[in-house]
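Subject: Structure handover

Hello,

Here is the structure I said I would pass on. My notes on it follow below.

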Amino acid sequence: METIELNLENQDVFLESEENKLKEKCGILGIYLNKKDRTDSFNAAKMAYYGLYALQHRGQECAGISVSNGEKIEAHKGLGLVADVFTAQKLDEMAGQIAVGHVLYSTSGEAQIENAQPFVSRFKLGGIAVAHNGALTNYEQLKEVLEETGSTFTSASDTEVINKLIGKSYKKGLERALTDTIQMIKGSFALAVMTENSLIGARDPNGIRPLCLGKLEGGWMLASESCAIDSVGGTFVRDIQPGEIVIINEDGVLSFEFGERTAKRTCIFEYVYFARPDSVMDGISIQDARLKMGAVLARESGVPADVVIGVPDSGLGAAMGYAAEAGIPYAMGIVKNKYIGRTFIAPTQAEREKLVFVKLNAMQSDVKGKRVVIIDDSIVRGTTCRRLIQILRRAGAKEVHFRVSSPPVKFPCYFGIDTPSRADLISAEHSTEEVCKEIGADSLAFISLEGMFEAMKELNSKTYGYCKGCFDGEYPVPVPGEINGRSCCS
């Protein structure tokens, strides 16, 4: 079953400020409710809906839920936000004790129903539904092998490859099929897989993409972030470890490792920007991480100023940390119009370029006649920064000093983050001084890579590693070169 709720005529119309942000492309979750504890008001599809609502920031173009009643798997997915795709009536119709859900960003800027998840397959011995966050670096090779053995594909999604690999080994048993599949795929993945009677979670050996486990009243939950577990009244238990598979069924939670342990390399941008500030990931509070990064940024590149402000919403935590460390007053400074969506109509290119003035506006009382430090999480193309600075100067700011709580982004991501090609990354081809001139700031500074990791170490002294390929081009697993023209995470 599929629904299309989005106005496709407006799919190419995006806010400039959204186009110039890095985008985490997926959020996943799974719900398992014990049959003996189930009531009419306690069903997996509704809980998955609320959980996906909490993960909406991880993907805003497609949403889907698959549910099992113990005998069959039913799926409903479509284009748009979670609230666009699901109605109360539809959720009431999707009776079942197990569910997996997914929200998606596409990489090309064009949402396609074929790439919406979860992917459902039915075999002689049973069915599966797969929701995936990440990107397979050997997608093309695996797809070619599967096509040579008779498989056909309906999407540009590497999740469909995972689905078909599991299906080919399904007769060996679910545990073996999963293990065989996971040992074949390369890159990054967090998986929520459902059969008629089980919920399975898995995380890639480097732990690049996040996944955690929660306890529910009468059941269990898997989710990309702990905030989703909180949203349904669950209790966060722990993170799924890199290289771990958990199988949840009527016997409880079974955990085992697949393959050898490797170095942990969680995506550092989860802490900088992607995750919600109220989430906890790998033992570290996201908000605490941003406060620490802001404090380190102030120590590394402090500048005389009268006020510190953050770019809503991603720069607020770091701005608070910077202000506290520097002893400079923190102010709101910029107001975000939260009612402007991704399909806001802009008929001409000239109007589209001015949309940032509609979405963000400076508070003159906070910045007029003042030396302002403005904090953001990253600079991608530089367009948004330039317009933010124009907004502040128009509001009367005497000086505008731009500070960034991540190092310069110089390389694309191959592991499930929507980044432009290297040619479109402003810091890949220009020095900090050149970027400063381009965006029109009085000064510009980025946190150092060493400073970023110092901030993380202050929060957790354990020797965790992080994927930092977008900063220095050193990736935790081999990459095949830029991946173009497909949705790497869908």
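Which residues of helix 11 are buried? They are Gly317, Ala318, Ala319, Gly321, Tyr322 and Ala323. The cover over these buried residues includes helix 10 and strand 22, as well as strand 19 (307-310) and strand 23 (399-404). Just after helix 11, Gly327 has a positive phi of about 70 degrees. Please keep in mind that this is a predicted model.

Overall composition

The protein chain has 19 helices and 26 strands. Of its 490 residues, 61% are buried. Its accessible surface is about 19,300 Å², and carbon and sulfur atoms account for 48% of that. If you take the contacts between residues at least 6 apart in sequence, 72% of them join residues at least 24 apart.

As general background, nonpolar side chains in soluble globular proteins tend to be buried together. In this model the largest nonpolar core consists of 45 residues, and Tyr271 and Met293 have the most contacts inside it. Two or more residues each come from helix 9 (269-274), helix 10 (286-301), helix 11 (316-326), strand 22 (371-376), helix 18 (449-459), strand 26 (466-467) and helix 19 (469-472). Helix 10 is the largest contributor, giving six residues.

Which residues does Met293 touch, apart from its neighbours within four places in sequence? The contacts are Ile268, Tyr271, Val272, Ser405, Ile447, Met452, Ala455 and Met456. There is also a second, separate core, made up of 29 residues, with Ala44, Tyr49, Leu91 and Ala223 among them.

Thr87

Thr87 sits in the loop between helix 3 (82-85) and helix 4 (88-93). Is Thr87 buried or partly exposed? Its relative accessible area is 46%, so Thr87 counts as partly exposed, the cut-offs being under 20% for buried and over 50% for exposed. A polar atom of the Thr87 side chain lies 3.1 Å from the backbone nitrogen of Lys90. Thr87 and Tyr49 are 38 residues apart along the chain, and their C-alpha atoms are separated by 9.9 Å. Tyr49 is one of the residues of the second core mentioned above.

That is what I have for now.

Regards

Conventions
Residues numbered from 1 in each chain as written. Predicted model: local features only at pLDDT ≥ 70, side-chain atom pairs only at ≥ 80, totals over all residues. Heavy atoms only, no water. Helix = DSSP H or I, 4+ residues; strand = E, 2+ residues; numbered from the N terminus. Buried < 20%, exposed > 50% of the residue type's maximum accessible area, 1.4 Å probe, protein only. Contact = heavy atoms within 4.5 Å. Areas by Shrake-Rupley, 256 points an atom, 1.4 Å probe, with all protein chains shown as cover. Core = buried A, V, L, I, M, F, W, Y, C linked by side-chain atoms within 4.5 Å. Polar contact = N/O pair within 3.5 Å; in protein donor to acceptor, adjacent residues only side chain to side chain.
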